[in-house]
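Trainee: I have a model open and would like to learn how to read its packing. Where do we start?

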Amino acid sequence: MNGEVGAVKSGERAPQQGGKRQRPQANMVNVYIMGKRHVVPEHATIMRAIEYAGHQIIRGAGCREGFCGACGTIYRLPGDYKLHTGLACTTLVQEGMSLTQIPAVPMEKAIYDLEKLTPDVRTIEAVYPVTFRCVACNTCSKACPQGLPVMDYIQAAMRGDVAKVADLAFDCVACGLCALRCPAEIVQHKVGILAKRLTGRYLHKESKELAARLKEVASNKFDAEYEELMVMDKTSLSKLYYDRDMEP
Amino acid sequence: MYPDYLAGLLKEVDRTRPHRLGLAMSGQPVYPPMNAEERKDVLSKYHPDFAPGARRPVRIGPNKGEEITAEVAEMLEAHSMVEPKLMDIHLREPDYETDLLIIGGGGAGCWAAIEAARNGVKSMVVTKLRMGDANTMMSEGGMQAAVSATDSPTRHYLDAIGGGHFENKPELVRVLTEDGPGVVAELERLGVIWDKMEDGTMQVLHGGGTSRRRMVSCRDYIGAIIMRTLMDEVKNHPDMIAVREFEPAVELILDDNGHCAGAVLYSLDTEQFLTVKAKSTVITTGGFGRLHIRGFATTNHYGATGDGLVMAYRAGGKLAFMDSVQYHPTGAVFPEQIAGFLITEKIRGAGGQPLNKFGDLFVFPREPRDIESAAIIRECSSDRNNGIETYAGRAGVWLDSPIIDMIHGSGYTRHQFPGMCRQFDRFGIDIVKQPMLIYPSLHYQNGGIEINERCETNIPGLYVAGEASGGVHGRNRLMGNSVLDYNVFGRRAGQHASDYAKSATVGRLSLDHVRKHAEEMEAACIQTDLISPLILPSYTPEDVKIQQLARLGNVPARHSMLRNRFSPSERKTHLG
C-alpha cells in the first residue's frame, strides 16, 4: 500500500500536496476512508482522521466521547482477514486501515406497554422472540466496542434472568454493531434496553425514604419554609448559606 | 500509559496519599472550604468569564446593550439561513402540521412529548441529529434530589441558590427542588435502574456545593440510562408522537398575533427547508459547548451549538444570564486524544482529590463548579506554576482516583465508574492505581431563554426547557442539577404547552421577525458573513476549510462561522 503514488511511509512526515497542504507537526499514516486514501496524523482517532481529511460528519458523530453509539465503524487492517468493529470517537487509526462508518442501523423496535409486562422469560418471548434464534457463536461479543459479554446476556435473556441481562448490558451504547454482525439476526441492544427497563421498574425494592418524602411534598410540608426563603434578602440568605452544616 | 517524564510527579501523589487518606477518613473537610470573600477573589481573577474580552454588549434584539458572552453576541448578530420572501408558499401550505412542536430530541424534549401524549395531545419532535444525540446522553455522575431522611427540598433550595450566587430565579429553584423526589419516582416507574441499597434505599453521594448527600446515580452512566429509557418510551407511542431526525429547526415561525406558530426546518439529508405549523412550540435544544468559548475544549455533544438561543432571540425572546459560562472542573488533559472529555464529578463525590505537581491539596474538592475550576486554573497559572505540563503543551492537575478504593473498599471504583475506567483503560491507564490529569473544560450554558415556572417565555405559545432556558441556575449550576432540570422542566413544558395547544388558534404564519432582524442588523451597521444557527461545528483543517467555501456556490452556515473567525492576515496566508 505504501507503494501507491502520494502515500507516506508509516510514521513519516506529511508530504506536500500541491504546495499548500503541509501540516508538519505529527507523524502520518495512510488510511482508506470509504476506499479512498488519506494521509492523517498517526495518533488520531478515526473520527478526527475523517475530519482531518476534510469531511463534515453528519451521520456518524454524536457525543464524541463513547456514550451515544452514533459512530459505529467497521474496518480492516493490512494482512488481517478480520472485519473489525469500533467506535470512531475512541478507536485510533493504524497504518493501512481501511474503514467505513455505519450511517444508521436498520432495526425494528418492538412497541410495548411496560405496565403490562412481567420481568420474566414470557416477556422476552413475546416482545423479542428473535432472541431465541441465538446459536451461541459469540460474534456479538467480539463485535462489541464496549467489550461487553453480549452473548452471555442474550443467553441470560433466554433463561428469563432479566436482572442479569440488565447488569451485563448496563454499559451498552446501542451502536447496533452486535445486531449487524449477528448471523441469527437478533437485536441484542434492544433486548438489553427492555431488560433494563423491566429491572428498574419491577426488580428493585421501593425506597421507603422516597415514599415518605413524596408524601411530605404532597402534603405541602415545605411550603412555609419555601415562602420564607424565597423572599429573604441576599444578606440573610448568604449568612444562612455559609453557616449551614455539612453532612459528612 | 503515562510517559516517563511524569513518573517522578506520580510518585509525589503516592507519597502524600497516606496523609490525605487520613484526612478523608476523619469526617472533616480535607481542605478548608472557601468563604464568600475568597470565592469572590478567585472568581474575579481566574474564572474565564472575567478575562478581558470575554463579554461584550450585544448590539441588537431584546437584550440590546447588555453585556453577554462575546461568542454568543457574535452568533446573535448574524444572518438567518432563511430568506423570508422565498418561504411565502411554504407558510401558506406548511409541510407539516402538529398540535405541539418540540425542537430537540434530548431529555427535556422526550419528556415534553411523553407528557403531551399523557395529556392527549399529539406532538412532533424534530431533532438535528438522532433522537438522544444530546448532552443528556453524556451525563455521568448523577442527579440531585432530596430523597434521604437527613435532607429536604428546602435544603436543596439553599444549596442551589448559594451555588448560583443568590441570583437564580427563586420560583424556578423552588419547583426544581420540590419536584426532585417526584422525578426520581417517575423515572423509576419508567424503568431507570437507580443505584440502591439492598432494602431499596437510594444510594446518595455528595457533589460540589451540596451540604447533604443528595446525588442519586446509575453507576457512571446516568445520562445514557435515562436517555435510552425516555427514547424507548417515546417510541412506544408512534400514534401520538412523530419524530423527524436530521431536520433541525433554524427559525421560529410567528403568526400575525405575534404568537409562536411553528418553525422552519432544514433537512441535513436533502438540504431542503421545510415548514411546520404548530399550536404551541417547545424549545429543548440544549447548550452551546461546541462554540468552544475562549478556545476551551468541551465536554459537550457534537450538536451543542446554541441554536435555540438564536431562533428565540430573532423572534423576540428574552435571554437571561447569558454572560456566564460553566467550565467543568475536571476535563481530561491526558492522553491528548480525549482532551476535554468529561471526568465525572462523582469521582470527587466519592472522595477523589485534586492535587498539584507536589501531590498537595490546594482546594476543597467539592466547591461549586465555578470556584473549583477557577482554583484549578489559578494553580496552573503563572502566578503559582503548580500545574503539570504534557508534551502537547497542555497543563493540568492530578485527580487522585486510587484513594477511592482505599476509602470505600477494593472493587468500588470498577463497579461505580465503569465508563471512566473504560475510557482510560483504552490508553493503558488504570485509574484504580493511577490518578488522572485534568483541567477545566467548557461544560454548560448557565443562562438561556428566560422562562417562568410554567416554562413560558415572553412569546405566547413558546415554551423552553432544559439547558436552553435561563434563570434556574443563575450564573453557576451545581453538579446534578442539570439532569434534574431537564426532567423537571421537560415535564412541565410538556404539560403546559399541551394545555395551551388545546385551546390555541393559529393565525396567518409569518417570518416578518426574520426580515426585521435583518433590518436591525443593517441599522446597527453590523458587517458579518456569519450565518446562524451554526448547526454543527467544523473540525476540518483551516486550509481545507478555506477551499470548501467556494463549494456549490453557496456558503453553508457551519463553514461561514469559521471563516468569519479568520483574521484577514490569516486568510491571506492560506490563500497565498
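**Helix packing, a strand pair and an interface**

Mentor: Start with two helices. In chain B, the axes of helix α5 (residues 107-118) and helix α16 (residues 481-503) come within 7 Å and cross at roughly 40 degrees. Axes are lines fitted to C-alpha atoms, for helices over the stretch in contact, and angles run from 0 to 180 degrees between N-to-C directions. Helices (H or I, at least four residues) and strands (E, at least two) are DSSP runs, numbered from the N terminus. This is a predicted model: local features need pLDDT of at least 70, side-chain atom pairs count only at pLDDT 80 or more, and totals for chains, interfaces and linings use all residues. Residues are numbered from 1 along each chain as its sequence is written, with chains lettered from A and ligands numbered from 1 in the order in which they are written.

Trainee: What is the handedness of the crossing of α5(B) and α16(B)?

Mentor: Right-handed. That applies if the near helix is turned clockwise from the far one by less than a right angle; anticlockwise is left-handed.

Trainee: How many residues of β12(B) are buried?

Mentor: A residue is buried if 20 or more other C-beta atoms, placed from the backbone, lie within 10 Å of its own. In strand β12 (residues 325-332) of chain B, 8 of the 8 residues are buried, so β12(B) is largely enclosed by the rest of the structure. β12(B) pairs with strand β16 (residues 436-445) of chain B in the antiparallel sense, over 6 bridges. Pairing needs at least two DSSP bridges. His328(B) has Ser441(B) of β16(B) as its bridge partner.

Trainee: How many residues of chain B are in contact with chain A?

Mentor: Contact means C-beta atoms, placed from the backbone, within 7 Å. Here 73 residues of chain B contact 64 residues of chain A. On the chain B side, α8(B) gives the most, with 9 residues.

Technical notes: A residue is buried if 20 or more other C-beta atoms lie within 10 Å of its own, exposed if 12 or fewer, and partly exposed in between; C-beta atoms are placed from the backbone. Two residues are in contact if their C-beta atoms, placed from the backbone, lie within 7 Å.
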